[in-house]
Amino acid sequence: MNTDARMNQRTALAFREKGLLSILGRNLAGVYRFLKSDPFCMTGALIYLFFMLLAIFAPLIAPYDPHEMIKHDGKLAYNQPPSAQHWLGTTNMGRDIFSQLVHGAKPAMMVGLTAAFFVAVVGTLVGLFAGYYKGRVDSVLMRITDIAFGIPFEPFVIVLVAFLGPSVWNIVLAMGLLLWRDTARVIRSQVLTVRERSFVEAAKISGASDLRIIFVQVMPNILPLSFLYGSLAMGWAILTEAAVSFLGFGDPAMISWGYMLNDAYASQALSREAYWWFIPPGIFIMLTVMAGFYIGRGAEEILYPRLKNQ
Amino acid sequence: MGNRSKYILSRLAQMVLTLWIIATILFFIFRLMPGNPLAAYIDPTFTKEQQDILMAQFGLDKPLWMQYLIYLSNLLQGELGESFKFRAPVMEVIWNVLPNTLYLMLSSLIIAYLMGIMGGVLLAWKRKTKFETIGIILTLFTRSAPQMWVGMIVLVIFSFHLGWFPSGGASETGVAFESEWEKLTSFTFWKHLFLPALTAAIYLTGLPLLLMRSNMLDVMGESYVEAARTRGLGESRIMLKYAARNAALPVVTAMAVGIGYALGGNVVIEMVFSWPGLGRLLVNAVSASDYALAQGAFILSAAVMVTMNFVADILYSFLDPRVTFGRGR
């Protein structure tokens, strides 16, 4: 009845034969199969792909340097509405908004992917060790998680970035330090049930070490959850970077969508009703965040397995 | 001693421990970071002696461990130091803006949870229809739209274009309210509150809505709902009386946590609407390197968050009889 469970059993079996690499290969194939079977998930993955390509080829796609103060006939082309020359108009300093928008994909993807990676890795490790060892290890790790839950996220990022200096990597660090908390709790509770399953028991009897059981037997079973929380974290990270940049603590060397919103807000784009300036970056932020949620919605069957029987 | 009181006591001890550790982390963040904490206070023309006197005044000449002990004992007495920028006790500065944050947060949370609970019931009821798909997509829109962006759109439409609402602040420029009571009974204040509260509510509705929906789906599989169905009760009666009532419990506790998060998390909205609250205070304090004020604002948000997490857990243990009082969750 449950294809995921069967898939996991198969991966567990295959493991004993071929080892770690084949499992990872199989899981990638599983990820692909999963994407194909779920339109929500597929949409999310396609949106990611689109923005990644945009980030990589930004210099080729953008018609202008995003920092350039453009002059036409020696006059600064500031506050221009959309035209054939400037698809989304120009800023109050004569910068091409469309070019800024395209280049904004790069910090978004950088922050999103690295933060998602950290969140997934740290959260998974904490959850795995807490859930597998139980007892004292569990208590200590879960108290640390509680502390992470007690720290207000946005203020923390602001304070840390303000002190460490405005750089994209400090924003990522701040997120890496806090956002693993949800992942850790969910993975732990999942590990608590997985560790009671018979194949873990079998591995124990055959004399496998704890670390081997954790990474070889247990981890493949919770990888879909890590993946899900990683994709949610990607959206969170992009939102946070945008918020921090909007508040003026962003990386001054990088034009991000949050910076564009800050620029538009501070330059009275609102009272001039310059929609073309502040609407597009918000839509792009929204799309990347939504992509993460779509992948999450696609994984609903993993999270709420009871629905399958209805 | 009963199981529940034991549980509450151990959660209480845990809460105190958490607060202590957060306060400690905060101490080190603010003390060990680069930059002189007195930078905002010290004029470049000050002589070395004058600087030393200032350092001594703020206790910064003492060894770190002593500073730490002084800091902890001050915290316990609710003494958060002086704000460099306002030249006033941090506690006083915070108390002045805290009510504004509370009004904004409570009004938006109440709207959001009412709409969320109703929306969640509807979506679960209409599961596997077009209505559900559209509803979920709309919800995901509100969850993924950056708050400052929604705020900017709301501002352009309702303030700049239509001119229905003021564009920022909590009162007309130059007008101050005599008392909290006068503020709350003044129409101007509510007019200023409307747009930021709306923006926050748009974002906050998503969580209770999705939570309510998934709880409903869970509960709908329970035997007592099945039993009601076999007894031939109407679908709307089953939904509202049996399913919704039980599914709403976890949502109510989520609201307690939501209050904690909202207090520290409305930074962006307060900035967009120049709302004189705790989040805006924090941002301005950090920008001005007013580190005593930033630390105070931060620790207060953290304390509220930890406390609300605790309240949520306790509430949950009362509301749901299935909660066991073993360790862990």
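Good morning. In this predicted model, the contact between the two chains takes 40 residues from chain B and 38 residues from chain A. On chain B, the side that touches chain A draws at least two residues from each of α1 (3-32), α5 (130-144), α6 (147-161), α9 (206-220), α11 (235-265), α12 (267-272), α13 (278-287) and α14 (291-319). Sorted by class, that side of chain B holds 27 nonpolar, 11 polar and two charged residues.

Let me turn to the nonpolar core. The largest one has 180 residues, and A:Ile158, A:Ala233, A:Leu261 and B:Leu282 have the most contacts inside it. Helix α12 (residues 210-246) of chain A gives this core its largest share, 20 residues. Consider A:Leu261 as an example. Setting aside its neighbours within four places in sequence, A:Leu261 is in contact with A:Ala242, A:Phe246, A:Phe278, A:Pro281 and A:Gly282, and also with B:Met148, B:Trp149 and B:Met152.

Now to chain B by itself. Chain B contains 14 helices and two strands. Of its 329 residues, 40% are buried. Among contacts in chain B with a separation of 6 or more, 74% join residues 24 or more positions apart.

I close with one helix. Helix α8 (residues 187-204) of chain B has 18 residues, and from its first C-alpha to its last it reaches 25 Å, close to the 26 Å expected at 1.5 Å a residue. Where does α8(B) bend? The bend, of about 35 degrees, is at B:Phe194, and the proline B:Pro196 follows within four residues. B:Pro196 is one of the buried residues of α8(B), which also include B:His192, B:Leu195 and B:Tyr203. Thank you.

Notes. Residues are numbered from 1 along each chain as its sequence is written. Chains are lettered from A and ligands numbered from 1 in the order in which they are written. This is a predicted model: local features need pLDDT of at least 70, side-chain atom pairs count only at pLDDT 80 or more; totals for chains, interfaces and linings use all residues. Two residues are in contact if their C-beta atoms, placed from the backbone, lie within 7 Å. Ala, Val, Leu, Ile, Met, Phe, Trp, Tyr, Cys and Pro count as nonpolar, Asp, Glu, Lys and Arg as charged, and the others, Gly among them, as polar. The expected span of a helix is 1.5 Å times one less than its number of residues. The bend at a residue is the angle between axes fitted to the seven residues ending there and the seven starting there. A residue is buried if 20 or more other C-beta atoms lie within 10 Å of its own, exposed if 12 or fewer, and partly exposed in between; C-beta atoms are placed from the backbone. A nonpolar core is a set of buried Ala, Val, Leu, Ile, Met, Phe, Trp, Tyr and Cys residues joined through C-beta atoms within 7 Å.
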